[in-house]
Amino acid sequence: MKIVLIGPPGSGKGTQAALLNKKFGVPHLSSGDILRGEVAAGTEFGKKIKQFMDRGEIGPAELITEMVLAHIDEHCSDGFILDGFPRTEYQAVKLGERHTVNAAVFINVPGEEISARITGRRTCRSCNAIFHVKNSLPEKDGVCDRCGGELYQRQDDNETTVANRIRVYTEETMPVLDYYRKSGLLRQVDGARSGETVFRDIISILS
Ligand code: AMP
């Protein structure tokens with residue numbers, strides 16, 4: 001299974017990828033998590049990319065593409081659920097040169113819902129699980145249900161950066177939809193519903 005999840009920020013790609021991982025055991029690879037790991041580790045690459053991430057922009061295309069493709073080679077060359085990658089047509093082409101993608105699932109969420117979703121999002125520092133202050137509360141305030149890690153608000157999950165991330169998504173990532181549409185791989189789900197309902201749709205699409 002080689003699946004790509006595409007959608008605006010806050011569309012639930014991470015949540016759906018985690019559910020798919022749980023059901024099928026196929027590795028979930030989030031390019032954002034990889035990059036945040038580099039920032040947290042204070043690597044040279046992390047220092048370089050942080051300024052782009054803080055602004056919600058796409059960083060150095062070739063470097064990021066190589067890094068994500070190397071992660072795939074290392075951890076999941078036989079199957080993956082990609083979340084946040086490819087984000088540009090260039091990345092989609094490079095991925096296609098190395099892997100045969102089975103389906104690209106577009107999780108469609110209207111713009112007005114995105115901001116509320118993102119600003120209320122809380123992420124686990126240890127396992128990257130995703131919660132929400134209104135829709136998906138953890139059992140214990142500030143503590144991850146899955147691993148007990150600390151929940152935090154990502155630095156780029158704020159009103160100002162969200163506006164930029166939506167602009168970048170529209171300009172850079174929407175062409176990726178056309179790329180997969182042309183190759184007959186694009187499938188669309190309505191993401192403006194509960195996570196369980198969206199997940200059921202994705203399962204039926206994939207089967
Ligand atoms: P995400 O966790 O997918 O919301 O990504 C957070 C930030 O990481 C984005 O706003 C970008 O700055 C950066 N990023 C994540 N994935 C990519 C990618 N495939 N290409 C370039 N930048 C990325």
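Helix α2 is followed by Gly 42, a residue with a positive phi near 70°. That is a handy place to start a walk through this structure, which is a predicted model. Within α2, the buried residues are Ser 31, Gly 32, Ile 34, Leu 35, Arg 36 and Glu 38. As for their surroundings, these buried residues pack against β2 (28–30), α3, α4 (61–75), β3 and β7.

Two elements, α2 (31–41) and α3 (44–55), each give two or more residues to the shell around the ligand. Of the elements, α2 gives the most, with four residues. The shell holds 17 residues, and those that come nearest to the ligand are Ser 31, Arg 36, Glu 57, Gln 91 and Arg 154. By residue type, the shell divides into six nonpolar, five polar and six charged.

Gly 84 uses its backbone instead, with an N or O atom 3.0 Å from a nitrogen atom of the ligand. As for cover, the ligand has 480 Å² of accessible area on its own, and the protein covers 96% of that.

Setting aside neighbours within four places in sequence, Gln 91 is in contact with Ile 64, Thr 65, Phe 85 and Pro 86.

Thr 88 sits in the loop between β3 (80–83) and α5 (89–98). With a relative accessible area of 8%, Thr 88 is buried too. Leaving out residues up to four places away in sequence, Thr 88 touches Ile 58, Glu 172 and Val 176. The C-alpha atoms of Thr 88 and Gln 51 are separated by 19 Å, and the two residues are 37 apart along the chain.

Now for the charged pairs. In general, side chains of opposite charge can pair when their charged atoms come close. The count for this model comes to 17 salt bridges. One of them joins Asp 157 and Arg 121, with N to O at 3.0 Å. Asp 157 lies in the loop between β7 (151–152) and α7 (159–182), while Arg 121 is in strand β5 (residues 121–124), so this pair ties together parts that are 36 residues apart in sequence. How exposed or buried are the two partners? Asp 157 counts as buried, at 0% relative accessibility, and Arg 121 also counts as buried, at 12%.

Asp 157 has another salt-bridge partner in Arg 165, where the closest N and O atoms are 3.0 Å apart. Arg 165 is buried, with a relative accessible area of 9%. Arg 154, one of the residues that come nearest to the ligand, forms a salt bridge with Asp 156, again with 3.0 Å between the closest N and O atoms. In this pair, Arg 154 counts as buried at 12% relative accessibility, and Asp 156 counts as buried at 9%. Through shared partners, salt bridges join Arg 121, Arg 154, Asp 156, Asp 157 and Arg 165 into one network.

Not counting residues up to four places away in sequence, Ile 118 touches Pro 9, Gly 10, Asp 157, Val 162 and Arg 165. With 0% relative accessibility, Ile 118 counts as buried. Ile 118 and Arg 36 are 82 residues apart along the chain, and their C-alpha atoms are separated by 17 Å.

Notes
Residues numbered from 1 in each chain as written. Predicted model: local features only at pLDDT ≥ 70, side-chain atom pairs only at ≥ 80, totals over all residues. Heavy atoms only, no water. Near = heavy atom within 4 Å. Polar contact = N/O pair within 3.5 Å; in protein donor to acceptor, adjacent residues only side chain to side chain. Areas by Shrake-Rupley, 256 points an atom, 1.4 Å probe, with all protein chains shown as cover. Nonpolar A, V, L, I, M, F, W, Y, C, P; charged D, E, K, R; others polar. Salt bridge = Lys/Arg side-chain N within 4 Å of Asp/Glu carboxyl O. Buried < 20%, exposed > 50% of the residue type's maximum accessible area, 1.4 Å probe, protein only. Contact = heavy atoms within 4.5 Å.
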